[in-house]
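This briefing goes through one structure, topic by topic. Keep the sequence and the 3D view open while reading.

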Amino acid sequence: MGATMDGPIHVPQDGDAEALDYTKAAPPEEPVTPPGRWVKENLFSSTSNTIQTVIFGGLLLVLLRFVLNLVFSEENNWAAVATNVRLLMSYNYPAEQYVRIWFTVGALAAAAGLSMAAWQLHPRISVRRIGVNLLGTGGVLIVMGILTPGATPSSIRIGMLVIGAALLVIGAGLLFGTEDPHLKHVSFTAVLLTISGLIIAFLWLFPLGKYLFIDGEAIQEDGTVSATTKGPWTVTILILLASLFVGRAIGKAIGGTRPLRLAMGVWWVIGPAFLIFLVLRDPEFDWDYVLKVDLPLALAFGLGGGALLYALTKPTFADQARAVGAVLMGFAIFNWVAAFFGWYAMLQKVRFSFLALALFALAAPTFAGEKSARLRFAGMWLGLVAVGHWLITGINTPSTLDITAPPFLGGFVLTVSIAYYVMLASFPLGILLALARTSRMPIFRVLSTIYIEFVRGIPLITVLFFFSIMLNLFLPNGMAVSELAAVFTGYTVFSAAYMAENIRGGLQSVRKGQYEASDALGLTGVQRTGLIVLPQALRVSIPNLVGQAIATFKETSLIAIVGGFDLLRIADKTIPAQTAFIGQKRVGLLFICVVYWAFSYSMSRASRNLEVKLGVGQAR
Amino acid sequence: MPAASAHHERPPFWRNTNVLKWGVQILTLAAVVAAFWFLVSQAKTNLDDKGIPVGYDWLNDPANIQLGEGIDTVPDTMGRALWSGMVNTLRVAVLGIIASTILGIVLGIARLSNNWLAQKIASVYVETIRNIPVLVQILLWGVIVASLPELTADPGEKRWFFASQKGISLPRVFYADGFYQFVALLLVLAIPIWFVRRYLKRKQELEGGEQHVGSVTFGLFVLAAIIAWFANPIMAWPRGVFHAIEDAWAEIPQSVMQLILTVIAVAGAAWWIKRFLDSRRTPAGLAKLIDDDYFRMIFAVVGALAFVFVVWVLWPGLSSWIINSGSDFWGWLGDKFGGDRGSRPLDGMRPTVTEGGRFVNYAPTGWTLTPAFAALFFGLTFYTASFIAEIVRGGIMAVPQGQNEAAAALGLSRGQALRKVVLPQAFRIVMPPLGNQYLNITKNSSLGIAVAFSEVVQVGQTLYNKNNQTLAMYSIFMVFFLVCSLTISGVVNYINNKLKIVER
């Protein structure tokens, strides 16, 4: 999947009317207008404009007061959230093993830093924009400080007023103190360093108070955030910065970021699985069994399959490869049928391996070529076997974690994991459905259309209920699936239909000439789809896919209804049931609103930047 | 060269693309059907093991549940309970669609306003609300409504507006006895108005100038409404007509109805195939038909035959059901006319507290939003409005500036340009995604389960927890939501086709 991202994408050529202009810079910003003129032009330019200012100004005051009343009402006990942050983030993950969570966070931070370097994320931000943003934030903070209800703690009210005034002064200084602020730019690194410094300073210096839960009793102390929170977060931020600089150094040293991008692409596909199933879950390997059974099995499949695939990718062996692939496929399917009827026992891992090998053998003619290409294909297989076998073994090994309730994932960790894996799992399924729906083969098209329209016509919640209640009903005797896995399956099935529609939009934007050109080159159907059509189609559908990722992330909240302990369930049910915080629903819900908002909003901003960078918006 | 082509060999059958293509497809179809058959038979075995009969007979079982609100809060049968839940779903969906459209249009236009404050407020609203899950918002509204003051009014007290923990209550307008007579008279009066309108339109086209087509029609219509308001008792005569139709309809023998349905299905398929072939006709004769075209035609024929099979063999009761319910419908309509009915078409009422500290839900005591309904309605409306605002903004921005300039060059006024040039084009762009949002509201209304609103999924879940009829219940859910989806997309497609630019 990492490969599709940097595959040979549309190369701009002379005479190509829709060639993309990568060099196109962001539109120039306008110079700063003096405040008096600005107010007259934007708020009181005509009668209707003045009326709008009055109406919307009043509305703004009413809305702000409403929201502040919600946040700082006398009934709210924000200690309910402050004490339960760990519960909200990771549910009942054992405290002794908590270093695993921090390791995961650190690994993700490192990967994020390296990815920023790999995809050369360093937008230049103009002084004008910073000034305008500071000015706006400061103004809103001061208005909030004045409007906030009497129940607000005085420290917060004064904080709002003081910080707001400070931001106003700094913003005004930047805007009106510097010459031509719209032409001066600040580097991304400087902004990142400043923000990181501010966060670290806030953690270590600001007297937020310590909130602890000891033996079911909520304890509240003065001072800064507890060291078990601020320490790891400081390290995480430092790791992020360090890996960003290391990534840039690597890019400079090898004279390009392509290998790094490939590596990071692969990591983002398989890395999170390792973090979830090997780091967080901590399987207790039975090394004796691993050495006797698992390792030889993996070696046999990896090396034997690799040799077979190396042989089959010989350009003259296309027919043999298809024959071998067909035989293997028959055998693999037969294994599953046999499993259903219980004819003979076989490790699930072996069934999967045979199926994968059959698929690889069928795809071999497409990858046929020179020695290096064949070696790379065999290497891909080897990598897949290594990763797949390790993961399956890890998942099937009992965990060492001492958890009272069965699911080891909960809270925000569960929300993110489910969203991530639903997207990842529905991606290949969505591509297949989209290809089937646009194919010229009628039965495929009808089947795929029925599936997509059917799923899109029903609400997600019924799909989730259906799978969580019914999946075990459909399985033969003796087979069962955990509730979380059932919900995950249902969500994937649902998401794939939407994914297919998004990818279909991309497929339809690929021009006919591309198909004709690849036919003229003598490519096979599979090659044409995989090498010419899909890379272009996926690139066009990136904005829609990010939109779907955001929707998927938001809709994981529905898991709370079908029984998973996600962020919403904890805020809505668990915290209000604690004796110390009976009925404190509102604060929890407001808090998770902020969490969901922060993630969705930053994703949508990132996608907009990506769109501009790829020039996708213009190309369509 | 000719020798080479003469020696053109046919590929062996396993490399023949036609054979491969159809082979793979048929194998896939077989695999899908086999998997389905396997899963369903497995489910049936599992259900039989648990002693749960598969079927729909339980719809007539007594329900023994109480719903929070709806047309029937203490339903006799399970089927009635589900129906009540469906009506609740539709209620919240329709109201949500109307409210979110209005709010969304206002916000979308505000985002394009030249007023800085309006623009900022609208964009902050959109960027905040659409990035928070709708379920979280619904729950938050639930908490907010629950924290409203207690209802302290005495029984019988009337006010214009109540907002309390028991819900929010507003004045209500409802149909009174004369409503159907009123509508019927209005339809009759609309005929001459239509002729006047056609006459004015022709005059406008022939002579130009301003003939005030729109305002004259509107004025006449208002006049007709006033006349119909008072004179509607003269429309008592349809009672006899509709009851006569009721009797005649009930007399239709079942076999005749079966025959009629058969003719409709066969004629429909024939008409479709003819239209399809016409579309493939070129000036140079019929275009070459590909596999796919044959497949479509075969599909139409098979579909029609399957329907005929259902009508005659599988479910002969369908015809008598159509006869009975058609007859019932005409009888119901007949009862709405004449007799000793009052003549007032509409009536209104202020919210009234019926007992100490309690409204009677959904009774004629004002229009009450129960806490659950209010939470779901606010959550859905505010969330969807943020998406509709973006759609409206995109639609208006997508109309090229040249259109405005061209309208000005033709001498249209600003208002005319907006009404006749810009908005119709924006509407065309906006319509399909808007339909999608309406679908989303309908589907998201199933989240009412989180605030215990008695919509169809919540009622259904309560019922299958009692009798374990999960499989049948899910099939009902799916059919219900599919019908809703198809209705909405049908309406949207219809409007879309009406608005489509006619090309060559």
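A residue is called buried if 20 or more other C-beta atoms lie within 10 Å of its own, with the C-beta atoms placed from the backbone. By that count, 27% of the 504 residues of chain B are buried. The model is predicted, and the points below describe chain B and its contact with chain A.

**Overall form of chain B**
- Chain B contains 16 helices and seven strands.
- Its radius of gyration is 29 Å, well over the 23 Å given by the globule rule for 504 residues, so chain B is more spread out than a compact globule.
- Along the principal axes, the C-alpha atoms of chain B fill a box of roughly 100 × 75 × 60 Å.
- Among the contacts in chain B with a separation of 6 or more, 72% join residues 24 or more positions apart.

**Domains of chain B**
- Chain B is divided into domain 1 (2-47), domain 2 (70-146 + 369-499) and domain 3 (177-236).
- The centres of domain 1 and domain 3 of chain B, taken over C-alpha atoms, are separated by 62 Å.

**Contact with chain A**
- The contact involves 44 residues from chain B and 45 residues from chain A.
- On the side of chain B that touches chain A, the elements giving two or more residues include helix 4 (116-129), helix 10 (291-314) and helix 16 (470-499) of chain B.
- Helix 2 of chain B gives the most to this side, with nine residues.
- The residues of chain B on this side divide into 25 nonpolar, 14 polar and five charged.

Note on methods
Residues numbered from 1 in each chain as written. Chains lettered and ligands numbered in written order. Predicted model: local features only at pLDDT ≥ 70, side-chain atom pairs only at ≥ 80, totals over all residues. Domains from an automatic or database assignment. Contact = placed C-beta atoms within 7 Å. Helix = DSSP H or I, 4+ residues; strand = E, 2+ residues; numbered from the N terminus. Nonpolar A, V, L, I, M, F, W, Y, C, P; charged D, E, K, R; others polar. Rg over C-alpha atoms; globule rule 2.2 N^0.38 Å. Buried ≥ 20, exposed ≤ 12 C-beta atoms within 10 Å, placed from the backbone.
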